[in-house]
Amino acid sequence: CSGFPLSIFFIVINEFCERFSYYGMRAVLVLYFKYFLHWSEDLSTAIFHTFIALCYLTPILGAIIADSWLGKFKTIVSLSIVYTIGQTVLSVGSISDLTDYNRNGSPDNMSLHVALSMIGLILIALGTGGIKPCVSAFGGDQFEEDQEKQRSTFFSLFYLSINAGSLISTIVTPNIRAMECGIHAKQKCYPLAFGIPAILMAVALIVFVIGSRMYKKVEPQGNVMLEVCNCIGFAIKNRFRHRSKKFPKREHWLDWASEKYDKRLIAQTKMVMKVLFLYIPLPMFWALFDQQGSRWTLQATVMNGDFVVQPDQMQIVNPVLIVIMVPIVDSLIYPLIKKCKIDFTPLKKMTVGMFLASMAFVAAALVQVEIDKTYPVFPAAGHTQIRLLNAGYRPATVQFQPQLQRVVVEPRTAVKYMMFKTSELQSLSVASEVQNKTQSLEDLLEGKRYTFAFNTDGSDIMSNLMLDNITSKPEEGRNFIRFINRNGYTVNVSLDYNNFEVLPPLNVSNYTIVPGGKKQYIIRIVTASASCSALSKKFGFGSAYTISIDGCTGGSLNITYFEDVAPNTVHMAWQIPQYFLLTCGEVVFSVTGLEFSYSQAPSNMKSVLQAGWLLTVAVGNIIVLIVAGASGLGKQWAEYVLFSALLLVVCIIFAIMATFYTYVDPNEIEAQFAEEEKEDDKKEKDDHEKQAEADSKM
């Protein structure tokens, strides 16, 4: 087809579906841990990065299986089956109705869901990691030696399919997750959010198998990684055997492998080891980079998302910026630097990439500081918070006894929560122009919030001390609302024409959850003599309100809003600067790093460096586990600063290492070895001819 083997189209479609499956599942994973499995943010982050680390460790296993045993085709098919099963198991594990025996919307056997989820993720890690090094190489095998141009075009299409799959899935699956589905009770639709990627993975497998008869299948020819590892292992072992001073030193420690391995392999291994030594600081970059899917996604859940973007969709900023930034950097920034006669070597580019990633986490820390300002302060052990709510039209003075605090409360207002030591509170007294009333506070619970509502409009002061059963800011951007009836008669309250609660005078309803966003609700009351309604305000994201029912004027309902918990005010758009800095860092670090690695390694050692590169990603995710677990920092902004500082230190170390690195030309070195081998062959041939001539004379 246009000079291309028809088989490559099956491979490109397969890769698109597989990347859709992986990135779609990964986009919603950390929120699944937190909101479905009810894990803490720290545990959710730890398991997320353990999974990513496993995904980048298994490619080494996949490459060894493909090159030494099954071949690429059978490896891809076998591990794709494992992959599909894993996605299916994860999807089944997210069905709350599976163990919702009492049909209240919550799983009754969470251990089963955790077990299924972990089994599914392990199988996915084996599948996606195992096929990662095989698919692109298998596509390259489909071309003949004289199809270099077509092969280059294929790899462009191949990487386009990767980005297209990841971008589309990161848009689609968070929207599916945000939907509500279920048999007995409606919940966030994680089964479908994981189920769609499972279906796409099954499609990827079927498409790949359909093209089976068209593929050019290369038999396993041994894995160069194993050969390099054996060479290194033998050199270390041989050096240890000859550690005595009576044995002369050799120029390089790898030269101790010369008894068993030829000079070419040893020289190639030396070049690879030089590059791998430079890889040592690189995991720290990935430790920060992969937190887009964990800490940054969790950060977005407590921000204002009123431009209809789900928190887990903010990750699409990265691939979108990649598409924009790569051509700008390649065609504008680099040529401009070159014109300024600055020697911007690959290692210098990587150093700048690390610095930019470090600054991205400084930006994330600044955003987090602003977010923390919106968090309510809840009472600690031994303390109680009390808020005063004047539902009447007259001012009143409240005195906390014994002589703790005196507060004037204006009409139709609420005083912010005040903190007291629970043991010191005895009572409070309310005084208006003509009335007084005392309320005992001796039975208050530690660590709780209360609202004391009162109305001084009548002949007697009506009051009610209410427990505010909110212990944290509403999650997932949702809101809590409740109603208080300030009238002297009973009202029946409904929300969007659904009966809410019947409220006696100055009584308060329980909090109910309403979705976050710009939606407005019809609040309606029915009394013995009238009915009226009003359109609610937009509650935003992460707020809690007490809504006072003030009565009817004609057919219109009068209501007053009292803010119990402030809504999220820091907009999600403030995450864009940190994504921009991190993406710029990725462009000059990741792309340059691969290019540098390939330019400094022999042609037959590319796979070794690819394995080493993937290993740095795995180690980076393990670093997140260690730092986040061991830091013991109580504030998220402090953790961001810690990661930024660590990468900055590593950046300086890498810059120093880079100054001592000497660039080599592997092709030139290999040409020298080829010339030496040619001369050796010629000499051996001449010696053989001379020996034959001598033998004939005898």
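Of the 131 residues in the largest nonpolar core of this predicted model, Met-25, Leu-29, Tyr-32 and Phe-51 touch the most other members. Such a core is a set of buried Ala, Val, Leu, Ile, Met, Phe, Trp, Tyr and Cys residues joined through side-chain atoms within 4.5 Å. Helix H1 (residues 7-36) supplies the largest share of this core, 16 residues; helices (H or I, at least four residues) and strands (E, at least two) are DSSP runs numbered from the N terminus. When residues up to four places away in sequence are not counted, Met-25 touches Phe-51, Gln-87, Leu-90, Leu-121, Ile-124, Phe-194 and Pro-197, contact being defined as heavy atoms within 4.5 Å.

The structure is a predicted model in which local features need pLDDT of at least 70 and side-chain atom pairs count only at pLDDT 80 or more, whereas totals for chains, interfaces and linings use all residues. Residues are numbered from 1 along each chain as its sequence is written, and side-chain values use heavy atoms, with hydrogens and water left out.

The protein is divided into domain 1 (1-222), domain 2 (223-261), domain 3 (278-373 + 573-680) and domain 4 (383-565), with bounds that come from an automatic or database domain assignment. The centres of domain 1 and domain 2, taken over C-alpha atoms, are separated by 41 Å. In the contacts between these two domains, 7 residues of domain 1 meet 4 residues of domain 2.

An open sheet is formed by 4 strands in the order E6-E3-E9-E10, with mixed pairing; two strands pair if DSSP finds at least two bridges between them. Strand E6 (418-421) and strand E10 (462-468) each have a single partner strand and stand at the edges, so one side of each is left without a neighbour in the sheet. On average, neighbouring strands of this sheet are turned by 25° against each other, direction ignored; the axes are lines fitted to C-alpha atoms, for helices over the stretch in contact, and angles run from 0 to 180 degrees between N-to-C directions. Strand E3 (residues 383-390) pairs with E6 in the antiparallel sense over 4 bridges, and Ile-386 stands opposite Met-418 in E6.

The count of disulfides, defined as pairs of cysteine sulfur atoms within 2.5 Å, comes to 2. One joins Cys-181 to Cys-189, with an S to S distance of 2.1 Å. This link of Cys-181 and Cys-189 is right-handed, with 105° about the S-S bond. Cys-181 is partly exposed at 23% relative accessibility, whereas Cys-189 is buried at 2%; buried denotes under 20% relative accessible area, exposed over 50%, and partly exposed the range in between (1.4 Å probe, protein chains only).

Cys-532 and Cys-552 also form a disulfide, with their sulfur atoms 1.8 Å apart. The torsion about the S-S bond of Cys-532 and Cys-552 is about -70°, so this disulfide is left-handed. The pair links distant parts of the chain, 20 residues apart, with Cys-532 in strand E16 (residues 531-535) and Cys-552 in strand E17 (residues 544-553). Cys-532 is buried at 3% relative accessibility, while Cys-552 is partly exposed, with a relative accessible area of 29%.

With bonded cysteines counted along the chain, the disulfides follow the pattern 1-2, 3-4. Cys-17 is in no disulfide, and the nearest cysteine sulfur, that of Cys-134, is 18 Å away. Cys-17 is buried, with a relative accessible area of 5%. Cys-134 is likewise in no disulfide, the nearest cysteine sulfur being that of Cys-55, 15 Å away; Cys-134 is buried at 1% relative accessible area.
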